[in-house]
Amino acid sequence: MHTDPKTADEISFDDFKEEVMNDYILAVTSRECSLLGRREVLTGKAKFGIFGDGKEVPQLAWAKAFKKGDWRSGYYRDQTFMMAIGKLTIEQFFAGLYAHTDITADPMSGGRQMGGHFSTHTLNDDGSWKNLTEEKNSSADISPTAGQMPRLLGLALASKMFRNIKSLENSSNFSINGNEVAWGTIGNASTSEGLFWETINAAGVLQVPMVMSVWDDEYGISVHAKYQTTKENISEILKGFQRNETENGFEIIRVKGWDYPELIDVYNRAAEIARNEHVPVLIHVQEVTQPQGHSTSGSHERYKSTERLEWESEFDCNKKMREWMISSGIADEETLAEIEKEIKKKVRDGKKAAWDAFLAPQKNEQKEAILLLNNLAEKSANKNFIEKLTKDLAADKEPLRRDILSTARKSLRYVAGEDFPEKQQLLEWIKNYYKLIQPKYSAHLYSEEKENAKTIEEVLPTYDENVEEVDGRVILRDNFDFLLNKYPEVLIFGEDSGKIGDVNQGLEGLQEKYGKLKVADSGIREATILGQGIGMAMRGLRPIAEIQYLDYILYSLQIMSDDLVTVRYRSNGKQKAPLIVRTRGHRLEGIWHSGSQMGGLIHLLRGMYILVPRNMTKAAGFYNTLLESDEPALVIECLNGYRLKEKMPKNLGEFKTPIGVVETVKIGADITLVSYGSTLRIVRDAAKELQQAGIDAEVIDVQSLLPLDLNADLVKSVAKTNRLLVIDEDVPGGASAYILNHIVEKQGGYKFLDSKPQTLAAKEHRPAYGTDGDYFSKPSVEDVYEKVYEIMHEARPVEFPKLR
Ligand SMILES: Cc1ncc(C[n+]2csc(CCOP(=O)(O)OP(=O)(O)O)c2C)c(N)n1
Ligand SMILES: [Mg+2]
């Protein structure tokens, strides 16, 4: 049969049809995954399900505008987008749902995160950066609603830095002229969170290439928009942010979530504005549905009206897209029905393959354990009991590792007191099993790569013979100067960090020297200062985010705890954010100006380092160490130390304070006094006075609370003095108790103690204002003196008669 050659228009219509068809296939595939996924939870194979049904079509449009090098910071509804950018297959989707611990099976997190938490790999297997301009990037999701916002700001701001800072021109693995757009997504209800507003405002101020999509299904779980959003309309109330001819701001666009062609147009337009002009865009995607309700934790029939449910089924975006395809001649009913049938089968097959792959290693491990358990039973006097346990394990067709290990461990109870090789074999197997399996759940809290900060060796400061004594802040300033010069990727920002060079002038003159982007003032917005740092650190920059006072770190603590310190852990070592947070605290005067909430911080921030240098040389040394490593850290400078005199080191930028290493600042024989930060000065003064009374105290500065004393030097001191007092200015039971626990329990210090180990902390309340407020709130020289004297009196009453 003869056919005429096709015209260009026909070809392009064919291409267009094919593209639409491929999109529809993805939309239906994603929906089918949601439907089957929910069933997997209800039958117990998966723990929790939260899916992207109802948001498929807008995400297809978004994926078209999303280019290599771009970034996503989103939430749990974005599965269709992830599929559309080629980063999530059907099998991977189900592997995530089952918590498959193999990172190749579940590339989102290797089983660490619930389904619906997406990410891509920015690091190679050896921990080095990939060329991120060649990747479609998704920062690893977190669960707190709007928690994705602060990081989004940083991801977008990085493009601005790459485009406008000349010294970053050679960062070709991270950016091509700052052309990358950072795309955010959020649910309508989560825009009620302060983090949303703080980020929107900051993005408007900073004019960053950020496109923010709000998926608006009118609900936040069961709570309707009328309880969430003024006027029930987020784009309406954001109108003041709209840019105009004379003022910068946002481009704000509204679009319906079921209108496929319009969505494509909107997303392309948004990308162009953000990419070319570096102007933030907000897309309010309205009339979105949620066909299966919020998640597997409940059904939406309980809170949506019949009318709403009917409307949702009529305006289901996949259904609307299908109708549009038929009415515009792209496909007919029959073809679509056939395709849909095929997809159902494909998803079912993918699900089964994922489940089989999830179970396969565990079934092998089950077999290994059963073999050893049978051998154990044969030799044991309690054969019958062990056989019963083994039989139950063997009957389990879908064994979890918990079941295997729990059976093996329980069986050991029946052979207590018995000894034969088969028992040793089982013990050995359990030990190896832990060695093999535990890292799947615990690895990558900190860096395990060669750049990890703990391996960086100390370099001592060197001094000229006639060394000058200067204010501590000058050492910091000159050291930062050196670092800004040495590392083009270093950026410092915070409240008052720019023009005046921070409130204590540790950055004096550096903005003038390095420009307004590299040393920048930021608004009063601690959470997004942190997020700004996280996002930029994820993109290969080395931000130093300044939180003006330790007391105000609480505003950013949630983001540090939920986002920063979990980046490496939650991505199973596939992403990192080596952000340095700089702040100042301790022993100034007043409820909000002398904070020392160290206990809270060390417990909430596992995953980053917490460093408490006692002076500015030590602090500068920490910055030098950290910039050679690839890990996040919090450095708390002593607020009352900027004007104290220190010797000016010669080797600025080069001397390094080691991480996790304590320093003995006074050698002594009678008692070990452990402290840190500003309190250390008080302890040293007390130690001098104690010396006059004949008490020879050893004083140790821990320097680093996380990690603490990697070389176990503290216990060595206790082994020598046999007495221990830990002093700090935190509340009782705070960081001092943590240090005590470390020495007495972890390092086995209890064996060496001749006196009760004790802590001396501040009062339970925050410090009252004024010099006397400090004296009556925090440990003083007299407090330390008397406490130590009491201990020595109890031990050697004749030598040290009762003081009072
Ligand atoms: C800080 C925080 N509070 C509460 C929750 C529990 N929660 C999870 S999703 C959700 C509703 C979010 O609604 P919306 O932003 O509209 O997104 P949708 O699920 O409707 O797409 C809530 C309250 C949470 N994850 N984080
Ligand atoms: Mg919602």
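This is a predicted model: local features need pLDDT of at least 70, side-chain atom pairs count only at pLDDT 80 or more; totals for chains, interfaces and linings use all residues.
In helix α12, the residues Ile386, Leu389, Thr390 and Leu393 are buried. Seen down the axis of α12, these buried residues fall within an arc of 95°, so they line one face of the helix. The other side of α12 tells the opposite story, for Asn384, Lys388, Lys391 and Ala395 are exposed there. What do the buried residues of α12 pack against? Their partners are α11 (333-379) and α13 (401-413).

Strand β21 has a parallel partner in β18 (residues 671-675), joined to β21 by three bridges. Within this pairing, Thr672 has Leu724 of β21 as its bridge partner. Strand β21 also pairs with strand β22 (residues 758-760), again in the parallel sense and over three bridges. Here Leu725 stands opposite Gln758 of β22. How is the path from β21 to β22 arranged? Together with helix α24 (residues 735-746), the two strands make a right-handed β-α-β unit.

Leaving out residues up to four places away in sequence, Thr679 touches Arg587, Ile727, Asp728 and Glu729. Thr679 and Leu510, by contrast, are 169 residues apart in sequence, and their C-alpha atoms are 31 Å apart in space.

The model also holds a magnesium ion, ligand 2. Which residues coordinate the magnesium ion? They are Asn188 through OD1, Asp217 through OD and Tyr219 through O, at 2.0 to 2.1 Å. Along the chain, these donors follow the spacing N-x28-D-x1-Y. Asn188 and Asp217 link distant parts of the chain, being 29 residues apart. Asn188 sits in the loop between β3 (182-187) and α6 (194-206), whereas Asp217 sits in the loop between β4 (210-215) and β5 (219-220). Both Asn188 and Asp217 are buried.

The loop between β3 and α6 also holds Glu193. With a relative accessible area of 34%, Glu193 is partly exposed. Not counting residues up to four places away in sequence, Glu193 touches Thr145 and Ala146. Its C-alpha atom is separated by 57 Å from that of Leu803, a residue 610 places away along the chain.

Another loop residue is Asn233, found between β6 (223-224) and α7 (234-237). At 14% relative accessibility, Asn233 is under the 20% limit, so this residue counts as buried. Neighbours within four places in sequence aside, Asn233 is in contact with Arg254, His284 and Gln286. Two of these contacts, His284 and Gln286, fall within the residue range of strand β8 (281-286).

His278, in the loop between α8 (260-277) and β8, has a positive phi of about 55° although it is not a glycine. His278 is buried, with a relative accessible area of 7%. Gln703 is not a glycine either, and has a positive phi of about 65°. This residue lies in the loop between β19 (697-701) and β20, and at 2% relative accessibility Gln703 counts as buried. Pro707 itself is placed in the loop between β20 (704-706) and α23 (713-721).

Note on methods: Residues are numbered from 1 along each chain as its sequence is written. Chains are lettered from A and ligands numbered from 1 in the order in which they are written. Side-chain values use heavy atoms; hydrogens and water are left out. Two strands pair if DSSP finds at least two bridges between them. Helices (H or I, at least four residues) and strands (E, at least two) are DSSP runs, numbered from the N terminus. A crossover is right-handed if, with the strands pointing away from the viewer, the path from the first strand over the helix to the second runs clockwise. Buried means under 20% relative accessible area, exposed over 50%, partly exposed in between (1.4 Å probe, protein chains only). The arc is that of the directions from the helix axis to the C-beta atoms. Contact means heavy atoms within 4.5 Å. Donors are N, O and S atoms within 2.8 Å of the metal (3.2 Å for Na, K and Ca); water is not among the atoms, so sites may look incomplete.
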